[in-house]
Amino acid sequence: MIRALIIASGLCLLVLPLMGIKSAAIVFISILAVITLLSFIRRHRHIFRIGIKVPAIYKRTAVLVTVMAVLLLPVYGDNYLIDVSSLSGIYIILAMGLNVVVGFAGLLNLGFAAFYAIGAYSTAILTTRLDMPFWLSMPMSVTMASFLGILLAIPALRLRGDYLAIVTLGFGEIIRIVLNNWDSLTNGPNGILNIPSPSIGGFKINRLSHYYYMVLLFVFLCIFVVRRVHNSRVGRAWLAIREDETAAEAMGIDTVRYKLLAFSFGAFWAGLAGALFAGKMHFVSPESFTFMESVLILCMVIIGGLGSIPGVILGAVILIILPEVLREFQTYRMLALGSGLVLMMIFRPQGLLGGRGGAIRG
Amino acid sequence: MFFQQIVNGLTLGGVYALIALGYTMVYGILELINFAHGEIYMLGAYLGIIFLGFFTAIGLTHSNIILALALTFVLSVIFCSAYGFTVEKIAYRPLRNAPRLSPLISAIGVSIFLQNYVMLAQGTTDKVFPHIFGSSGFGLMNARITYIQVFIVATSFVLMIALHLFVVKTKMGKAMRAVAQDKTMASLVGINIDRIISMTFVIGSGLAAIAGLMVAMYYGLVNYFIGYVAGIKAFTAAVLGGIGSIPGAMLGGIVLGLVESFGASYISSEYKDAYAFALLIIILLIKPTGLLGTRSIEK
């Protein structure tokens, strides 16, 4: 109890000059409450240890219900819900892409938004400047992003762990600064406006529900392909590299090739998500691709569960939908995200749905 | 023009070097890129403005400005050190034996947290640092040198020399070097590792606080996001000099300051922030050990 008082008053003093007396008092009381609660839980741990075994039939029903709910969403949802759901679809694709790099291959990438930006900007420039149709510019944007992934990976792969993370971060920032300053091509900080809607034949995709199904199609494609790759020879090679690079190399895995592949495969999905984003928003600007965006995608992967595909989907949905639902708490979103990352690393490094061996290694 | 850029570069470089010291000391001991270090620097600037505002309100600044400034510095350093100490205790210590990327992600979390905490507590608008030194200065060889620039360069050099002496001459410094070399061995000869690590964070955060305060005085404006860019640049400086090496961080900071100020005036100022990143990538690819670093063996 005395220890709790010391900790609480210490932290209270720490926040006093920045927050004023009233807020500091609130901090003091809430920290005391949290510490008391924690010690109570620790003392009566057996109450909270409940093992639940879910029969397989319930699991299958749950999956079925979720799929139905997702498919029929435009029928019962209003425009706002459809819009937010399309956005979370785009983020699912992004998080799946980053999961390949960080979760499967174990390479921390802090500049993932750069590939997203390349995809979005390529689509924007090709459709507005060259009047190219969306469906032609999309594969070109995706190729561009994957190519850039390889270009970054070639030099970066000589580095390990945290150094690699910093180089990718620097790369992401450079891309953003270039987009911000190359006025003749990217229109600088004002961004590119009036990106046309995609159309199939004569059918223009411009209603929210149409977008929703288009994004959903790509989400299913992404989940299907990533799952297949994960269970293939390539996926196993990635896992081997993640677990122990030296051992993997000794077993005859061409580590450089597989790491290159991981980087460009991840960038591929980011490029796709970027193209979808540009087609949905009709507008791109450098502000959408900051370091915080990279961190947000990373948070989705980590909170959901590194290396776990359902986990990543859950992470993306949580981080997009939750702040929308809890509108009043929007200002605290990043605060919660930051502390969430720390708590996650300390108490559950494998994420919400991560299984055994899902934790990251350096 | 040329000499002016040298003066500007040295001023910036002194600040970068002070922040870089915190990165390099922590990396030397924990092999952790302390992402939150830039935010501590930002906190230093904010706390400086708050304390100075408080002293102005009680009338101390009018009667004795030197005392008010000195107290502001001392209080900011104490508070920032406490922040550094707390961050280490809460976010890094439980992860001491975790896989190497876990503390890095935790550090990113702390950085986001601190940034938003300051934003929520102090608002999004720029904070103004009161003009104390003004823009008075003197001319030398076609360049204009303000007193605040002299103050920044002098303070950073004195602090760097003091830190160097501390690490080389004192018993605590010796213990620090021992922990950096081999934690297990150091604990076997009776060094309290936890205390040394806390001490490292306290010293590094104190230096960052001084850097933040001086930058607030120099530019006159402070915002809650200054920590991120400054942190990355200081990290670049640390890597440039050879991460883990204390003289390296000093050299790296000054080189980076000069590169930035010359690049901004002779190439393009729009890409000012990109120089640091480009430099960082180039060093990591060509000479990851930096200018003064020693080769470490990958385990």
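**Helices, loops and a chain contact in a predicted model**

Of the 16 residues of α10(B), 15 are buried, so this helix is largely enclosed by the rest of the structure. The model described here is predicted. Helix α10 of chain B covers residues 226-241. From first C-alpha to last, α10(B) reaches 23 Å. That is close to the 22 Å expected at 1.5 Å a residue. G242(B) follows α10(B) and has a positive phi, near 105°.

Helix α13(A) runs over residues 255-281. At 1.5 Å a residue it should span 39 Å, and its end C-alpha atoms are 39 Å apart, which agrees. Just after α13(A) comes H282(A), with a positive phi of about 60°.

Chain A as a whole is described next. Its secondary structure comes to 16 helices and two strands. The radius of gyration of chain A is 22 Å, close to the 21 Å that the globule rule gives for 362 residues, so chain A is as compact as a globular protein of that length. Along the principal axes, its C-alpha atoms fill a box of roughly 70 × 55 × 50 Å. Buried residues make up 42% of the 362 in chain A. Contacts in chain A between residues at least 6 apart in sequence were also examined. Of these, 76% join residues at least 24 apart.

The mean pLDDT is 83, and 94% of the residues reach 70 or more. Over residues 356-362 of chain A, however, pLDDT stays under 50. For this stretch the model has 25 contacts beyond four places in sequence. Where pLDDT is low, the predicted coordinates should not be read in detail.

Two residues in one loop of chain A make a contrast. The loop between α9 (183-186) and β1 (199-200) of chain A holds I192(A). I192(A) has 21 other C-beta atoms within 10 Å and is therefore buried, the threshold being 20 or more. I192(A) and S209(A) are 17 residues apart in sequence, and their C-alpha atoms are 24 Å apart in space. N194(A) also has its place in the loop between α9 and β1 of chain A. N194(A) counts as exposed, with 9 C-beta neighbours inside 10 Å.

Most residues other than glycine have a negative phi. N194(A) is not a glycine, yet its phi is positive, about 60°. D131(A) is not a glycine either, and its phi is positive at about 55°. D131(A) is found in the loop between α6 (113-129) and α7 (134-156) of chain A. With 9 C-beta neighbours inside 10 Å, D131(A) counts as exposed.

Strand β2(B), residues 137-140, pairs with strand β3(B), residues 143-146. The pairing is antiparallel and runs over four bridges. Within it, G139(B) stands opposite R144(B) of β3(B). Two residues lie between the strands of the hairpin. M141(B), in the turn, has a positive phi of about 45°.

A loop residue of chain B is also buried. A36(B) lies between α1 (2-30) and α2 of chain B. It has 31 C-beta neighbours inside 10 Å and counts as buried. Not counting residues up to four places away in sequence, A36(B) touches V87(B), A107(B), V110(B), S111(B) and L114(B). A36(B) and V189(B) are 153 residues apart along the chain, and 31 Å separates their C-alpha atoms.

The two chains meet. The contact takes 43 residues from chain B and 38 residues from chain A. On the side of chain B that touches chain A, α2 (37-57), α4 (65-92), α5 (101-122) and α12 (272-286) each supply at least two residues. The largest share, 16 residues, comes from α5(B). By class, this side of chain B has 33 nonpolar, six polar and four charged residues.

Technical notes
Residues are numbered from 1 along each chain as its sequence is written. Chains are lettered from A and ligands numbered from 1 in the order in which they are written. This is a predicted model: local features need pLDDT of at least 70, side-chain atom pairs count only at pLDDT 80 or more; totals for chains, interfaces and linings use all residues. Two strands pair if DSSP finds at least two bridges between them. The radius of gyration is taken over C-alpha atoms; the globule rule is 2.2 Å times the number of residues to the power 0.38. A residue is buried if 20 or more other C-beta atoms lie within 10 Å of its own, exposed if 12 or fewer, and partly exposed in between; C-beta atoms are placed from the backbone. Two residues are in contact if their C-beta atoms, placed from the backbone, lie within 7 Å. Ala, Val, Leu, Ile, Met, Phe, Trp, Tyr, Cys and Pro count as nonpolar, Asp, Glu, Lys and Arg as charged, and the others, Gly among them, as polar. pLDDT is the predictor's confidence in each residue, from 0 to 100. The expected span of a helix is 1.5 Å times one less than its number of residues.
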